[in-house]
Amino acid sequence: MQADPTHPGGGTSDTPGHAASIHNIGYRSYEGARLGRGYARRSLFAQSLRGGYGLGRSARSKVTPMLLFGIMCVPALVVVAVAIATGVDELPVDYRAYASFLAPVIGLYLAAMAPQSVSRDLRFRTVPLYFSRPIERVDYVLAKYAAMAAALFVFTAVPLLVLYAGALLGELDFAEQTRDLALGLVSVAVLSLVYAGIGLVVAALTPRRGFGVAAIIAVLTIPYFAVTTVQFIASESGGDGTAAVGWLGLASPGTLMSGFQAKFLGAPSDFPGRVVPSDAAGLCYLLLVLALVAGSYAVLMARYRKAGL
Amino acid sequence: MYDPTVARLTYRALLGRRRAALLAVLPALLLLIATVVRVMDLADQDVAVNLLSGFALATMVPLIGVIAGTGAIGPEIDDGSIVYLLSKPVKRPTIIVTKLVVAVAVTMAFSALPVLLAGFILVGGDQQIAVAFALAALFASLAYSALFLLLGTVTRHAVVFGLVYALLWETLIGSLMPGARTLSVQQWGLAVADEVVASGVRLDADVSLGPAAVLIAVVTVAGTWYAGQRLKVLTLAGEE
């Protein structure tokens with residue numbers, strides 16, 4: 001038996017048997033470009049953002065986000081159509097009030113998509129596969145957070161653009177509409193950041209199927225209804241109660257956003273009695289918004305320290 | 001039509017672990033608000049009606065109905081462990097009826113009782129507000145449980161659809177299209193409360209008692225029957 005050059009050590013008479021030979025079966029080393037950490041991060045962001053609308057996933061996964069997106073845009077189209085047909089000189093819906101008007105739809109979208117984005121990775125234990133790529137924990141968390149916030153921003157900003165386009169077609173005042181649109185976009189951007197943080201934190205902490213959805217809805221709606229009811233009672237009682245309405249708004253995500261935009265972005269107040277938070281309360285609104293964004297990031301980082309490997 | 005073993009398993013699934021905590025949060029919040037309002041001496045009829053219809057009947061009862069109704073059967077179908085139940089010599093409609101009884105009992109315990117308590121804390125026996133809303137919650141729990149149990153057998157996304165119904169249909173669409181309110185469990189419950197409450201209080205239910213009672217009965221019976229049918233032809237699929 002001849003020694004095979006591709007089987008070093010194999011086939012020679014001094015080895016006890018063929019079982020011990022090491023075969024060179026022709027694996028090649030990779031010599032192309034290594035795209036690195038930034039590329040992996042961007043890919044994860046793009047893939048998560050597309051996943052937020054079911055793109056690149058099965059047709060069944062597209063139904064929920066696209067349906068909700070449709071529901072989100074229909075009122076804007078109706079408002080625009082009515083405004084143009086009747087020739088009013090002002091849109092019946094304020095840009096900044098639109099998101100709070102459709103808050104249940106936004107809540108459902110977040111509840112459907114945030115678990116989709118992070119819970120499945122945790123449930124199927126595929127998170128370690130991400131970290132076998134050249135990304136760090138911070139890349140994963142930032143990419144997922146940015147993707148969720150971007151998906152929510154698209155979800156809430158497109159109807160505003162529809163309203164804006166309609167307003168311009170209806171030849172409403174250009175400068176005023178543009179200013180209101182800009183403020184409206186700022187308000188939905190803040191909303192997207194806050195809601196994406198809340199949604200992802202809850203979803204990452206409850207990876208069980210169905211549980212995350214219910215938990216997100218619960219976190220968004222229960223405090224909201226509780227706070228609005230108590231605000232109503234407080235404003236009915238008058239006196240100190242009216243001042244308390246502004247402070248009470250801090251206690252739920254929905255009223256936090258309402259109070260924030262009423263105070264800083266000149267939106268019409270949703271609160272009972274059209275109360276606008278006082279300056280001190282307004283400062284707390286700002287701080288709480290910042291704390292929620294930073295806090296969600298910190299909780300997510302802590303969550304993936306454990307789930308990392 | 002009632003199997004104690006299935007009932008015991010369902011109770012354990014519904015009240016075990018974190019689910020019971022989730023179920024208890026809402027009633028606790030309601031009682032807390034009611035107590036604070038009472039202590040601050042703000043409680044009167046309007047406040048009581050507002051709190052009990054706006055928070056309790058509109059938010060708490062449907063959410064507890066979703067959790068208990070879908071939770072009674074959804075997770076079992078989801079993780080496939082229902083096959084162990086289905087392979088036992090128990091009729092499938094019996095399984096559904098048993099699970100419905102458990103879901104209704106849990107929903108009633110976590111919604112009607114706290115509503116009654118909150119009502120008494122707020123206004124005592126005044127105008128029978130507490131009793132009226134407790135009865136409304138009782139009947140609404142029945143319809144919600146049957147409806148969401150059915151959803152649990154129809155789709156794997158029962159929680160999402162249940163919440164869509166509870167939040168979108170009953171609040172958003174109901175406020176835009178008055179006609180939609182006729183087909184809302186919340187309004188049927190309100191109709192019951194409207195009948196019981198003394199004449200001094202106006203609740204503005206969109207449905208009168210007769211149609212409301214018929215609709216509650218139809219939803220409960222038809223929902224339970226169809227859920228039994230669905231369970232008969234259930235096929236198990238892997239997770240997407």
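**Entry 1**

I started with A:Glu171, which lies in the loop between α6 (137–169) and α7 (174–205) of chain A. Helices here are DSSP runs of H or I with at least four residues, strands are E runs of at least two, and both are numbered from the N terminus. This is a predicted model, in which local features need pLDDT of at least 70, side-chain atom pairs count only at pLDDT 80 or more, and totals for chains, interfaces and linings use all residues. Residues are numbered from 1 along each chain as its sequence is written, while chains are lettered from A and ligands numbered from 1 in the order in which they are written.

I looked up the backbone of A:Glu171 and found phi near 55°, a positive value in a residue other than glycine. Is A:Glu171 buried or exposed? A:Glu171 is exposed, because 10 other C-beta atoms lie within 10 Å. For the cut-offs, I noted that a residue is buried if 20 or more other C-beta atoms lie within 10 Å of its own, exposed if 12 or fewer, and partly exposed in between, with C-beta atoms placed from the backbone.

I then turned to A:Arg125, where phi is also near 55° and positive, again in a residue other than glycine. A:Arg125 sits in the loop between α4 (103–123) and α5 (127–131) of chain A. A:Arg125 counts as exposed, since it has 10 C-beta neighbours inside 10 Å.

**Entry 2: chain A as a whole**

I counted eleven helices and zero strands in chain A. The domain assignment (automatic or from a database) gives domain 1 (1–32) and domain 2 (37–307). I found the C-alpha centres of these two domains of chain A 61 Å apart.

How does the radius of gyration of chain A stand against that of a compact globule of 309 residues, and what is its value? Chain A has 27 Å, but such a globule would have a radius near 19 Å. The radius is taken over C-alpha atoms, and the globule rule is 2.2 Å times the number of residues to the power 0.38. Along the principal axes, the C-alpha atoms of chain A fill a box of roughly 100 × 45 × 30 Å. I also noted that 41% of the 309 residues of chain A count as buried.

Next came confidence: pLDDT is the predictor's own, per residue, from 0 to 100. Chain A has a mean pLDDT of 86, and 93% of its residues reach 70 or more. Residues 1–5 of chain A have pLDDT below 50, and this stretch has five contacts in the model beyond near neighbours in sequence. For residues 7–13 of chain A the pLDDT is likewise below 50, with 14 contacts beyond near neighbours in sequence. Two residues are in contact if their C-beta atoms, placed from the backbone, lie within 7 Å.

From UniProt I took the "transmembrane region" annotation (unreviewed entry), which lists several spans of chain A, including 145–169 and 212–234. Such annotations may be inferred rather than shown by experiment, and their positions are given in the numbering used here. Residues 145–169 of chain A are 100% helix, with end C-alpha atoms 36 Å apart. Residues 212–234 of chain A are 100% helix too, and their end C-alpha atoms are 33 Å apart.

**Entry 3: chain B**

Chain B comes to ten helices and zero strands. Its radius of gyration is 18 Å, which agrees with the value near 18 Å for a compact globule of 240 residues. I saw that buried residues make up 50% of chain B, and that its C-alpha atoms fill a box of roughly 55 × 35 × 35 Å along the principal axes.

I picked out B:Leu100 in helix α6 (residues 92–123) of chain B. B:Leu100 is buried because 25 other C-beta atoms lie within 10 Å. Which residues does B:Leu100 contact, leaving aside its neighbours within four places in sequence? They are B:Ser145, B:Ala146, B:Leu149 and B:Thr224.

**Entry 4: where the chains meet**

I found 24 residues of chain B in contact with 19 residues of chain A. On the chain B side, the elements giving two or more residues are α2 (17–39), α3 (45–71), α4 (74–79) and α8 (158–176). By class, that side has 18 nonpolar, five polar and one charged residues. Here Ala, Val, Leu, Ile, Met, Phe, Trp, Tyr, Cys and Pro count as nonpolar, Asp, Glu, Lys and Arg as charged, and the others, Gly among them, as polar.
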